[in-house]
Amino acid sequence: MTSTHKILQAGPLPPPLASKLPALCPVEILSDKPDPAAFLQRQGNEFTVLVTTGTQGATRGLIDALPNLQAICSLGVGYDAIDMDAVRARGLMLSNTPDVLNDCVADLAMGLLIDAVRGLSASDRHVRRGDWPRVGPTSPSTRVSGKRLGMLGMGRIGQVIARRATGFDMDIRYHTRSPKPQLPWQHEPSLIALAQWCDFLIVACPGSPETFHLVSADVLKALGPQGYLVNISRGTVVDEEALVAALENGELAGAGLDVFEHEPEVPAALIANEHVVLLPHVGSATRETRAAMCGLVLDNIRAFLADGRLVTPVGP
Ligand code: DGY
């Protein structure tokens with residue numbers, strides 16, 4: 001491996017990844033610097049590789065401050081926090097960590113759906129408050145199996161979710177920009193029509209300017225007062241203000257959310273709502289999956305340092 005390379009680590013990384021970087025080539029950690037801007041001005045030209053995460057991302061300002069940057073290796077499948085215009089303009093290589101997290105994110109989507117619809121967390125709170133002996137069990141919830149599932153997004157994670165939902169005897173349709181005729185599920189060209197048709201809508205499309213607020217007040221209205229929304233992709237896909245309003249006005253039955261528009265901030269109105277299950281963006285957060293994601297970042301860096309290619313490049 002060539003010694004001309006140097007890695008800039010944008011922020012904290014899981015120990016199985018962070019601990020292995022220094023063996024590959026010299027590393028500096030930007031978030032550890034007392035004055036990161038001054039550090040970049042002084043030494044920004046030393047770095048050829050940026051290691052970041054889906055959450056930490058890479059702004060245009062950071063990319064501009066690294067004039068010799070060649071590759072960005074990101075931990076996570078979503079790269080919406082990376083300025084793609086800057087990446088394209090500079091002709092940078094970019095890798096993410098697809099596929100290894102599909103199962104765990106899909107498991108979590110089903111967990112959120114069942115929790116929100118059957119009221120598991122709400123019932124757990126009921127028992128812990130001591131309400132069971134006092135007022136009896138919680139009221140009957142809604143059946144999950146055999147219902148109509150609408151998928152917004154049918155990429156790699158969406159397909160794994162749909163396969164799990166098949167095991168629950170659900171009728172499945174999906175909305176994407178273009179149909180995928182090889183899939184066994186029906187494509188619905190209109191998101192509003194999909195929301196009108198389904199009982200549950202799961203958001204599994206990537207966050208991007210094109211998907212910003214796709215789940216609008218109108219889509220939530222179409223999902224209706226018996227409908228449930230689950231979001232395991234990016235908070236930006238859902239108009240969070242409209243979601244709060246729909247829940248408060250009884251225009252939506254409930255929601256299961258692993259992601260938020262301004263995370264880690266969660267609107268107080270969602271926290272106060274008994275019909276919403278809230279998780280701190282833990283879709284891929286199992287030990288096994290995180291180890292696989294870290295391994296994939298290392299594989300990408302090693303391949304880049306060895307012969308200038310990436311193992312899981314993000315397409316143009
Ligand atoms: C991803 O990989 O994009 C996930 O959101 C990280 O948990």
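Four residues of domain 1 are in contact with six residues of domain 2, where contact means that the C-beta atoms, placed from the backbone, lie within 7 Å. On the domain 1 side, the touching residues are one nonpolar, two polar and one charged; Ala, Val, Leu, Ile, Met, Phe, Trp, Tyr, Cys and Pro count as nonpolar, Asp, Glu, Lys and Arg as charged, and the others, Gly among them, as polar.

Before going on, the ground rules. This is a predicted model, in which local features need pLDDT of at least 70, side-chain atom pairs count only at pLDDT 80 or more, and totals for chains, interfaces and linings use all residues. Residues are numbered from 1 along each chain as its sequence is written.

Now the domains. Domain 1 covers 7–98 + 288–307 and domain 2 covers 102–278, with bounds from an automatic or database domain assignment. Their centres, taken over C-alpha atoms, are 32 Å apart.

Next, the interior. Of the 316 residues, 39% are buried, that is, have 20 or more other C-beta atoms within 10 Å of their own, with C-beta atoms placed from the backbone. The largest nonpolar core has 87 residues; such a core is a set of buried Ala, Val, Leu, Ile, Met, Phe, Trp, Tyr and Cys residues joined through C-beta atoms within 7 Å. Helix H5 (residues 102–118) gives the most to this core, 10 residues, helices being DSSP runs of H or I, at least four residues, numbered from the N terminus. Both domain 1 and domain 2 supply at least three residues to this core.

Which residues touch the most other members? They are Ala109, Leu113, Ile161, Ile202, Val203 and Val230.

Conventions:
Contact = placed C-beta atoms within 7 Å. Buried ≥ 20, exposed ≤ 12 C-beta atoms within 10 Å, placed from the backbone. Helix = DSSP H or I, 4+ residues; strand = E, 2+ residues; numbered from the N terminus.
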